[in-house]
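Me: I would like a close look at one part of this predicted model. Please consider the structure shown here.

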Amino acid sequence: MEKRRKWMLLSLCIPAFLLIFIFMIVPLGNAVKVSFFKWNGYSQKMRWVGLENYGSIFTDKVFLRSTANTFIYGFGSTLLQNIAGLSAALFVNRQFKGRNLVRLILYMPIMISGVIMGAIQYYIFNYDNGVLNNLLNLFGIGNIYWMESGIGSVLIITLINSWQAMGFCMLIYLAGLQNIPKMYEEAALLDGTSRRQIFFKIDLPLLMPAITTAVITNLIGGFKLYDIIVTLTNGGPNRKSLSLSYYISLLYFNDEKAGYSAAVGIALFIIIFIVAVPINQYLRSREVEY
Amino acid sequence: MKTEKSDKVVMAQVHAPNKKVGWGVYVISAFLILLYLLPIYVMLNQSFRYITDLTPRLYLPEKWTFDNYIQAFHDPNLLNGFKNSIVYVAEVCALEVFLGGLAAYGLARSGGKVSSALRTFNICVMMIPSLSLLVGTYSLMVKFHMINKIWALSLQTAAIGMAGTMFFYTSFIVSIPKDLDQAAAIDGAGILRTFFQIILPQLKPVTVTRLIMIAVGTWNNYAMPTYLLTNTNKATVILTVRKAFYTAYGSVQNVPLACAECAVALAPVILLYLLLQKYIIEGQLDSVSK
């Protein structure tokens, strides 16, 4: 009877996993298959090339550049968002009038699509009549070409992405701070511990679970970055600010290299896996019980 | 030498850590609010300008006009985009919450090796970047005539988010006492009835939060819709607005109109955010602290 019930319970999973199977596992298998072929994406002709697509990854300058960018988007955003998010959480955790308003406004950009955000931010970082340059002009500084170089564009994309998604970290840390039992702090204060020490010795270790969640979510999000780039730089100048996600779509739809695009897709999956799993494992091992 | 504080003072410090906030807090608050509202300001500012108004974007328009909004409201594509987006969001929400919740119930309650294997599988699936599946998904969807079909895109989007939704629900269902199920089972309730009458009501608050997150993510989804919905009739709001900006880069350069379309597209999202802020922010805080 128990056994029958157990299998009936498991059968409830079938529709959900069927959907995952049809729309994720089958396409993944198909992508692996396509990655062994030379194919333009629409013709009937597909030529088997074995591992050639994977081999050309290592000599493709745009791929290497996009990979470096993807790492900057991933790690850069994670670093900025966690520092800013923790600071913001500590700030709005203070008792003052209007803290809920600050919290509300800081979280708001998360509701806005990255494509739209990129399009608007373009008019802030634009060379000609951009708002940032307008501001600098007030102080007598001439216009600066913010997105002239590849690295400038990459840093600005990282900055905007971190700015936009920071609210998520803030909420995670806020929840973490509110969950720390007050008695630890009381005890420490009675012992004459300074606020600084309380933060580093009590709050931060107890925030480890929150840090794990925030870091892993930000990392995976940053490695998948796509939307902002489309409207802010369109991958430019000269394909120097591409993320791997965006490169995959350009390879497929612009360059008509479906096989190679599939290979880059598999490479991106492997990169995310290799980066996220050990970091997750490490952070989990640092979590303390209380 | 350590200064001795009386216990009373210390306790007062713990319970109202920052009762006396200086004006510095308000300066920082004001700065943060300005920093986070700047893009909205830039967008609105542009949308009220004449196309010929080339005064610095930082300042208010030289002459105000509502023409851009009138034009945006008369744009059949934008209206149609709203309709398509609503259908798309509703389908994805229904699929993910219903199938994901059901599957999570099965996973959480059945226990054993199969269940834990499926949960590990879920975590791996969550790491697959959706762009890695681009070639695999697109070529299969072309083959099975699923391009320009909103239902097909909905199934695909729901599949991508399903693992996350299952993961989210599983952690909540685990915290619902098993006695409730067993009591229902003794009363002769089947598994499905137990789910709908016992479990689902318990999940109501977290479902609201999850629904909002799915809805926002789906509404803002860009990469897959742009390739799977190529027909203008089928475009979502985000695709339509992105197109308006795209023409803005090209020959027409109608930035004010694009910004007006953008404002119209963002208005419902921001409005809902302000109305549902309690569920979004408090809900997020609660769901993290579980």
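Reply: Seven residues of domain 1 of chain B and seven residues of domain 2 of chain B form the contact between them. On the side of domain 1 of chain B that touches domain 2 of chain B, four residues are nonpolar, two are polar and one is charged.

Turning to the partner chain, 80 residues of chain B are in contact with 80 residues of chain A. On the side of chain B that touches chain A, the most residues come from helix 2 (residues 23-47) of chain B, which gives twelve. That side of chain B comprises 56 nonpolar, 18 polar and six charged residues.

One helix pair between the chains may be examined in detail. Helix 2 (residues 14-34) of chain A packs against helix 7 (residues 150-174) of chain B at an angle of about 125 degrees, and their axes are 8 Å apart. Because of this angle, helix 2 of chain A is oblique to helix 7 of chain B. The crossing of helix 2 of chain A with helix 7 of chain B is left-handed. Residues making the contact include A:L19, A:I20 and A:F23 from helix 2 of chain A, and B:Q156, B:A159 and B:M162 from helix 7 of chain B. By class, 13 residues of this helix contact are nonpolar, one is polar and none is charged.

Key. Residues numbered from 1 in each chain as written. Chains lettered and ligands numbered in written order. Predicted model: local features only at pLDDT ≥ 70, side-chain atom pairs only at ≥ 80, totals over all residues. Axes fitted to C-alpha atoms, helices over the stretch in contact; angles between N-to-C directions. Helix = DSSP H or I, 4+ residues; strand = E, 2+ residues; numbered from the N terminus. Parallel < 35°, antiparallel > 145°, perpendicular 65-115°, else oblique. Left-handed = near helix turned anticlockwise from the far one by under 90°. Contact = placed C-beta atoms within 7 Å. Nonpolar A, V, L, I, M, F, W, Y, C, P; charged D, E, K, R; others polar.
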